[in-house]
Amino acid sequence: MLTMKLRDDNFAKWAFQFLSVSRGYKLFGHFNGTTVCPSKYVVSAEARVTKEITVAFMDWESIDMALLSLLLATVTAEAMEY
């Protein structure tokens with residue numbers, strides 16, 4: 001889907017392609033903060049905060065890590081340093 005890697009001379013083209021893909025799959029919220037990370041732990045009326053991790057958090061984290069991998073795959077080694 002993403003045919004170019006980010007270099008110091010192609011940001012506008014790379015950004016257009018990256019934004020198009022992430023918005024097309026309704027995933028851009030992870031980058032701009034509109035998709036808020038859900039509570040990590042289950043909260044119960046009796047025990048309050050538990051040690052049990054919520055499914056919503058696990059799903060959100062899985063998507064977040066997949067997007068990080070995608071982002072890292074689309075930058076050059078030089079750009080990754082930043």
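Predicted model: local features only at pLDDT ≥ 70, side-chain atom pairs only at ≥ 80, totals over all residues.

Analyst: Residues are numbered from 1 along each chain as its sequence is written, and side-chain values use heavy atoms, with hydrogens and water left out.

User: Why is histidine 30 called buried?

Analyst: Buried means under 20% relative accessible area, exposed means over 50%, and partly exposed is in between (1.4 Å probe, protein chains only). Histidine 30 has 16% relative accessibility, so it counts as buried. Histidine 30 lies in helix 2, residues 29–32. Helices here are DSSP runs of H or I with at least four residues, strands are E runs of at least two, and both are numbered from the N terminus.

User: What makes the pair histidine 30 and aspartate 64 a polar contact?

Analyst: The two side chains are 3.1 Å apart at that contact. A polar contact is a pair of N or O atoms within 3.5 Å; within protein, one must be able to donate a hydrogen and the other to accept it, and residues adjacent in sequence count only if both atoms are side-chain atoms. Histidine 30 also touches Thr35, Trp60, Ile63 and Leu67, not counting residues up to four places away in sequence. Contact means heavy atoms within 4.5 Å.

User: Why is lysine 26 called exposed?

Analyst: Lysine 26 has a relative accessible area of 75%, so it falls in the exposed class. Lysine 26 is in the loop between helix 1 (11–24) and helix 2. Its phi is near 55°, a positive value in a residue other than glycine.

User: Why does cysteine 37 count as partly exposed?

Analyst: Its relative accessibility is 35%, so cysteine 37 is put in the partly exposed class. Cysteine 37 sits in the loop between helix 2 and strand 1. Beyond its neighbours within four places in sequence, cysteine 37 contacts Phe57 and Trp60.

User: What makes up the largest nonpolar core?

Analyst: Five residues form it: Leu6, Trp14, Ala15, Phe18 and Val75. A nonpolar core is a set of buried Ala, Val, Leu, Ile, Met, Phe, Trp, Tyr and Cys residues joined through side-chain atoms within 4.5 Å. In soluble globular proteins, nonpolar side chains tend to be buried together. Leaving aside neighbours within four places in sequence, phenylalanine 18 contacts residues including Leu2, Phe31 and Leu70.
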